Amino acid sequence: MLNLSPPEVSLIIPVKNEGTHIQNTIKSALNVQTRYSFEIIVIDDASTDGCCDFLSSYAGRARLKLIRSIGVGLARAKNLGAMKSSGQYLIFCDAHVFFEDYWLDRLLQPIRDGIADATTPGIADITTPDLCGYGQTLNKYLGVEWNIDLTELTPIAVIPGGCYAVSRSLFFDIGGFDNGFKVWGYEDVEISMRMWLFGYTCWVQPEVKILHVFRKTTPYQVNLENVYFNMLGLAFNHFKEERIQTCRMLIQNSSQIELAILRSGFLEQRKAYFSRRKHDDDWYMKKFEIPF
């Protein structure tokens, strides 16, 4: 008899020109041990290298969904995968990672226990597996830095995009990733900050480690202006005026980018976000000792 129950977990993987990495990631996910039923949702965001073509005849395709998008960028691609998902829990992963047995079970346990609302594992470079980062924080330039030497479940400022888990209800309650963000940059910082400011929590689970292929260059074009747009979008979403001004000083062509931000509806979004806040940006910076 066919099992018609929806999977408990949806593993959501955005893809753009990943070559053989996506095949390795899917193979690893399907081959490790877990007590959870899960599906894998691949969002091919206008790849030009045919990296997802193999899925049409892949042996494990019964547990796979392939979605083709037209270059919508990372934030929107992740949102699209979430909308097509069925799981009670959503795990967002890069397309170039390797898993260990029962990683999924241990990553979800703090959420199921009511300790954390979102969790991330330790993430190590596949070439140096003993050197592990445990979630991220921010520096005085609003750049991300890895936490190191954490040995127990710990609250963190930023859940890195390489891999993290949230409940389905939380993800849709906060509105998912920012659909106004462009291509790549700051989408994981923004959603992490929004979770904290809305009263949710993000933790690292050091008992889980995944291996990540850290590439020297991206296989698609990243325009610095888009990164600046997302940084300033983050600022308009969550920062007081003094911090917005600091962001302006860090950005080239800030006046033009700010004009584009204002035309994109970020002021209206800011009002909606501020109305839901349990904490402000001063609280967030103080809690995680961020000098920004």
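The side chains of Asp 188 and Lys 78 are joined by a polar contact of 3.1 Å, a polar contact being a pair of N or O atoms within 3.5 Å in which, within protein, one must be able to donate a hydrogen and the other to accept it, and in which residues adjacent in sequence count only if both atoms are side-chain atoms. The model is predicted, so local features need pLDDT of at least 70 and side-chain atom pairs count only at pLDDT 80 or more, whereas totals for chains, interfaces and linings use all residues. Residues are numbered from 1 along each chain as its sequence is written, and side-chain values use heavy atoms, with hydrogens and water left out.

Asp 188 lies in helix H5 (residues 187-197), and Lys 78 is found in helix H2 (residues 74-83). Helices (H or I, at least four residues) and strands (E, at least two) are DSSP runs, numbered from the N terminus. Asp 188 counts as buried because its relative accessibility is 11%, and Lys 78 is buried with a relative accessible area of 2%. In these terms, buried means under 20% relative accessible area, exposed means over 50%, and partly exposed lies in between (1.4 Å probe, protein chains only). Contact means heavy atoms within 4.5 Å. Apart from neighbours within four places in sequence, Asp 188 is in contact with Lys 78, Val 158, Ile 159, Pro 160, Gly 161, Tyr 164 and Phe 177. Lys 78, with residues up to four places away in sequence not counted, touches Ile 12, Pro 14, Phe 92, Gly 161, Tyr 164, Phe 177 and Asp 188.

The chain as a whole has 10 helices and 12 strands. Its C-alpha atoms fill a box of roughly 60 × 40 × 40 Å, taken along the principal axes. For 292 residues, a compact globule would have a radius of gyration near 19 Å, and the chain agrees with this at 19 Å; the radius is taken over C-alpha atoms, and the globule rule is 2.2 Å times the number of residues to the power 0.38. Buried residues make up 55% of the 292 residues. Among contacts between residues at least 6 apart in sequence, 77% join residues at least 24 apart.

Helix H1 (residues 21-31) contributes Ile 22, Thr 25, Ile 26, Ser 28, Ala 29 and Leu 30 as buried residues. The cover over these residues includes strands E1 (9-15), E2 (38-45), E3 (64-69) and E5 (97-98). An α-helix has 3.6 residues a turn, so residues three or four places apart point the same way.

Salt bridges, defined as a side-chain nitrogen of Lys or Arg within 4 Å of a carboxyl oxygen of Asp or Glu, come to a count of 15. One of them joins the side chains of Arg 35 and Asp 105 (3.8 Å, N to O). Arg 35 lies in the loop between H1 and E2 and Asp 105 in helix H3, so this pair ties together parts that are 70 residues apart in sequence. Arg 35 counts as exposed at 68% relative accessibility, whereas Asp 105 counts as buried at 9%. Asp 53 forms a further salt bridge with Arg 68, with the closest N and O atoms 3.4 Å apart. Because Asp 53 lies in the loop between E2 and E3 and Arg 68 in strand E3, the pair ties together parts that are 15 residues apart in sequence. In the salt bridge between Glu 241 and Arg 248, the closest N and O atoms are 2.8 Å apart.

Most residues other than glycine have a negative phi.
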